[in-house]
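Please open the model in your viewer and keep the selection panel at hand.

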Amino acid sequence: MSRPFEELADLDRLIHEPARLAILTALAACKAADFLYLQRLTGLSKGNLSSHMTKLEEGGLLAVAKEFVGKIPQTRLSLTDAGRTAIDGYWKTMDRLRKETRRR
Amino acid sequence: MTPMIADRLRRIHDVTDNFFFWQGLRWIPLGTAMLAYAFMRSVDFSTASDAREWIALSLFALALWLSTSVLGRYYARHFGRVRGDASRHVVRTSVKWFLVYPAIVVAMLVDLELVPPLIVSGLAYALAIEAYRQSTGGGRAHYTAFAIGLVAFSILPLFGAAPVGRSGLTPLIGIIGLIYIVGGVLDHRELVRVLAPIEEERHVASV
C-alpha cells in the first residue's frame with residue numbers, strides 16, 4: 001500500500017513551491033510566454049521572478065531565450081522536455097494523492 | 001494543496017491556454033461595427049443601399065484594424081505575450097469550422113428563406129456562445145446569461161412580440177454586437193483580476 005505522507009515528502013520541492021508551480025503551470029499550457037506575462041500572473045517583483053527562473057533553469061526545467069521585438073528586448077520562457085515531463089508527473093502524483101486521501 | 005490554490009492554478013492554466021480569447025477589449029470594435037450596421041439597416045436613411053453597404057464594410061475593416069493592430073499592441077505591452085500551442089485545440093478548431101460556423105450560416109438561410117415562426121439564428125448563436133465559453137477556459141458566467149437572453153429573444157416572435165425573417169435578423173445583429181461589447185468589457189475585467197497589475201505599474205498609476 002502506498003503511503004501518502006511519504007509520497008508528499010518525495011514531491012519535487014523545486015516544483016512544489018507555489019510561485020514556481022504557477023510559472024510551470026502557465027508554461028505547460030502554451031509554447032512560450034514572456035517575462036511580463038509571468039510577472040503579472042504571479043504578482044512577483046522582477047527580482048523574485050528572475051530568482052525563480054534561474055532556479056528552474058538550473059534544474060533543467062525551463063529554457064530562457066533573449067530576443068528583440070522591434071527595438072524592445074524581451075525574455076521568452078518555455079518548458080524544456082524535462083520540465084514538461086516533470087510538471088505532468090507532479091500533477092499525476094497530486095491527483096493520485098488526492099484520490100487516496102479521499103478513499104481513507 | 002488547498003482548494004483555493006488548486007482553483008487559482010486551474011485559472012492560470014485556462015487563461016494562459018486561451019489568452020487571446022480573454023483579451024476582451026479586442027471584441028469591442030467588432031461589436032460596435034455590428035451595432036452600427038444594425039442601426040443603419042433599421043433606420044430609413046436616404047443613403048442608397050449600396051453606399052450603406054460600403055460604409056458598413058469600411059466600419060468592419062476599421063474594427064479589424066483596431067482589434068488586431070492597436071489593441072493587440074496594447075495587450076502585448078501591458079499584459080505580455082503568450083505563444084499558444086495550436087496542437088492543444090485541434091478539436092475546438094474543427095468543431096468551430098465544420099460545425100458551429102456552418103450551423104450559423106444554415107440557420108440564417110432558414111430564417112431568410114423559410115421564415116419560421118421564431119428566430120432560428122438566435123438559437124444557433126446562443127448555442128455557439130455557450131460552446132465558446134466552455135471551450136475557451138470556462139468561467140465568465142456572463143456568457144451563459146447572454147445565451148439565455150438570446151434564446152428568450154429568439155422565441156419572442158412566437159408570442160407576436162418581435163418580427164421574423166429578414167426583419168428579425170436586424171435586431172439580432174445589434175444584440176450580438178452588444179454582446180461583443182459588454183462581454184468584451186467583462187472579459188477584460190476578468191483578465192485584469194487574473195493578471196493583476198505589477199507593483200511598478202501600480203506605483204506609476206497612482207502618481
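Select B:R140 to begin: this residue is buried, because 21 other C-beta atoms lie within 10 Å of its own, where buried stands for 20 or more such atoms within 10 Å, exposed for 12 or fewer and partly exposed for anything in between, with C-beta atoms placed from the backbone. B:R140 is found in the loop between helix 5 and helix 6 (142-155) of chain B, helices being DSSP runs of H or I of at least four residues and strands DSSP runs of E of at least two, both numbered from the N terminus. Its phi is positive, about 40°, although B:R140 is not a glycine. As background, most residues other than glycine have a negative phi.

Before going on, note that this is a predicted model, in which local features need pLDDT of at least 70 and side-chain atom pairs count only at pLDDT 80 or more, while totals for chains, interfaces and linings use all residues. Residues are numbered from 1 along each chain as its sequence is written, and chains are lettered from A and ligands numbered from 1 in the order in which they are written.

Next select B:V115, which is found in the loop between helix 4 and helix 5 (120-135) of chain B. B:V115 also has a positive phi, of about 45°, although it is not a glycine. Is B:V115 buried or partly exposed? With 15 C-beta neighbours inside 10 Å, B:V115 counts as partly exposed.

Now select helix 4 of chain B, residues 90-114, whose 25 residues at 1.5 Å a residue should span 36 Å, and whose end C-alpha atoms are 34 Å apart, which agrees; the expected span is 1.5 Å times one less than the number of residues. Centre the view on B:K96 to find a kink of about 40° in helix 4 of chain B, the bend at a residue being the angle between axes fitted to the seven residues ending there and the seven starting there. Of the 25 residues of helix 4 of chain B, two are buried, so this helix lies largely in the open.

The C-alpha trace of chain B spans about 55 × 35 × 30 Å along its principal axes, and buried residues make up 29% of its 207 residues.

For the sheet, select four strands, which form an open sheet in the order 2(A)-3(A)-1(A)-1(B) with antiparallel pairing; two strands pair if DSSP finds at least two bridges between them. The edge strands, each pairing on one side only, are strand 2 (62-69) of chain A and strand 1 (82-83) of chain B. Strand 2 and strand 3 of chain A pair over eight bridges in the antiparallel sense, and they form a hairpin with two residues between them, where A:G70 in the turn has a positive phi of about 65°. Across the chain boundary, two bridges join strand 1 (residues 32-34) of chain A to strand 1 of chain B.

Which residues stand opposite A:A33? In strand 1 of chain B the residue opposite A:A33 is B:V82, while in strand 3 of chain A its bridge partner is A:L77. Other residues that A:A33 touches include A:A26, A:L27, A:L38 and B:T16, not counting residues up to four places away in sequence; contact requires C-beta atoms, placed from the backbone, within 7 Å.

The last stop is the largest nonpolar core, which has 34 residues, with A:L24, A:A26, A:L27, A:A33 and A:L38 making the most contacts inside it; a nonpolar core is a set of buried Ala, Val, Leu, Ile, Met, Phe, Trp, Tyr and Cys residues joined through C-beta atoms within 7 Å. Among the elements that each supply at least two residues of this core are helix 3 (18-28) of chain A and helix 1 (3-17) of chain B, and its largest share, seven residues, comes from helix 3 of chain A.

Finish at B:I12, which lies in helix 1 of chain B and counts as buried, with 23 C-beta neighbours inside 10 Å. B:I12 touches A:A22, A:T25, A:A26 and A:L41, residues up to four places away in sequence not being counted. The C-alpha atoms of B:I12 and B:V194 are separated by 7.4 Å, although these residues are 182 apart along the chain.

Notes: Contact = placed C-beta atoms within 7 Å.
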